[in-house]
Amino acid sequence: MMHYLDANATEPLRPEARDAMLAACGITGNPSSVHCAGRAARRVMEDSRETLAARFGCQPGDLVFTSGGTEADALAVHALGQGRRLVIGATEHDAIRAAAPDATLVPVLSNGPIDLGVLAGILSAGPPALVCLMLANNETGTIQPVAEAAALCRVHGARLHVDAVQAAGRMAVNLGALGASSIAISSHKIGGPTGVGALLLAPEHSSVVPLIRGGGQERGRRGGTPPVAAIAGFAAAAMAAVGTEALAALRDAAERAAVIHGAMVVGGDAPRLGNTTCLALPGARADMQVIALDLEGVAVSAGAACSSGKVAASHVLAAMGLGALAGQAIRVSLPWNASAADVDAFAAAYVRMADRLRSPLVSRAA
Ligand code: PLP
């Protein structure tokens, strides 16, 4: 039996999303077609747009469907960053880092939140910027002080794009309340299907320059026929997702079990999502930990990426100043349907994994 504790990679599909998709799959039309079949598809898409816009705080006409979070982030940087210098948090996801490779990095404190003092200095020292800041970090769950950053951006005439991909459905997310220029969300992190996401725009930015041109869909802001059934599943998942507070007790139990066996909780004293913990185990390579737990039927992930037999330390953990520990941490992220049995299985597997990987024989071999 598999115990799936890798929700931040992708959430299990919610039954509400599955039902909505199955219903929408029965519709044949293209939402751009004027005939009755096209209008039926369009109705499903526009109803879903209204649901998502209301859920995350924008006008329906200011929500642009994309292929996922990566494209929504790239569209934001492309459209809102034109003619501006780019400023991003040091622990942003690769979706932002790749879209803004020459950006100025805002350092983070050792427990994860960005250094607001440094951000203020950067913003006051140059021409108007586009700042990109994630609301919740994918590896540690750290919640960034986005409202404070938005206030600084307002003072200095900067725009603020918020990557809310990990936050949406897991904590309160509202474009208007955050005071941001735009936010990116992604269906599969909420319990909807993969392959769809959205960029939500503040009214003054609603006519963005497209990244993908084509048939003029999404009011000319994103070409391509929209995936109507996936969009219906996205909206249904967003309505079913009610936050992660209820998961925090299970997450804390998993954490306690790991800490007793030598783990350190990374960023544990900063505000965090209730479903996420990042556990560093001194002396044990992250990829070896993931494999050992997988062999025990427990799915988690490593902050560090492994290529050509070498473990590259996570840029998130390196930015937090973890040094060698940045290559020795795993992420445990509880999905919406996690149970006490999943956490018990994790705790039992963690003990065996920690004992084995930290035995002197294995350490010498590694
Ligand atoms: N932003 C963050 C913070 C993420 O964690 C991810 C995916 O892990 C993305 C963006 C990219 O989203 P998607 O997988 O929908 O392209």
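Start with the seven strands that form an open sheet in the order β2-β8-β7-β6-β5-β3-β4, with mixed pairing. Strands here are DSSP runs of E with at least two residues, helices are runs of H or I with at least four, and both are numbered from the N terminus. Two strands count as paired if DSSP finds at least two bridges between them.

This is a predicted model, in which local features need pLDDT of at least 70, side-chain atom pairs count only at pLDDT 80 or more, and totals for chains, interfaces and linings use all residues. Residues are numbered from 1 along each chain as its sequence is written, and side-chain values use heavy atoms, with hydrogens and water left out.

Now select β3, residues 85–89. Three bridges join β3 to β4, and the two run parallel. Within this pair, Val87 has Thr104 of β4 as its bridge partner. β3 also pairs with β5 in the parallel sense, over four bridges. There, Val87 stands opposite Val131. To get from β3 to β4, the chain passes through helix α4 (residues 94–99) in a right-handed β-α-β crossover. Right-handed means that, with the strands pointing away from the viewer, the path from the first strand over the helix to the second runs clockwise.

Move to helix α6, residues 146–155. Helix α6 lies across β5 (129–134) and β6 (159–163), and runs at about 160° to β6. Such angles, from 0 to 180 degrees, are taken between N-to-C directions of lines fitted to C-alpha atoms, for helices over the stretch in contact; contact means heavy atoms within 4.5 Å.

Next, show the ligand. Which residues are closest to it? Thr70, Asp163, Gln166, Ser186 and Lys189 are the closest of the 13 residues that surround the ligand, where a residue counts if one of its heavy atoms lies within 4 Å. A side-chain N or O atom of Thr70 is 2.6 Å from a ligand oxygen atom. For Ser186, the distance from a side-chain N or O atom to a ligand oxygen atom is 2.6 Å. A polar side-chain atom of His188 lies 2.9 Å from an oxygen atom of the ligand.

Finish at the antiparallel open sheet with the order β9-β10-β15-β12. β10 (residues 276–280) and β15 (residues 329–333) pair over five bridges, and Leu279 stands opposite Ile330. Helix α10 (residues 286–295) packs on this sheet, touching β12 and β15, at about 45° to β15.

Definitions and conventions:
Polar contact = N/O pair within 3.5 Å; in protein donor to acceptor, adjacent residues only side chain to side chain.
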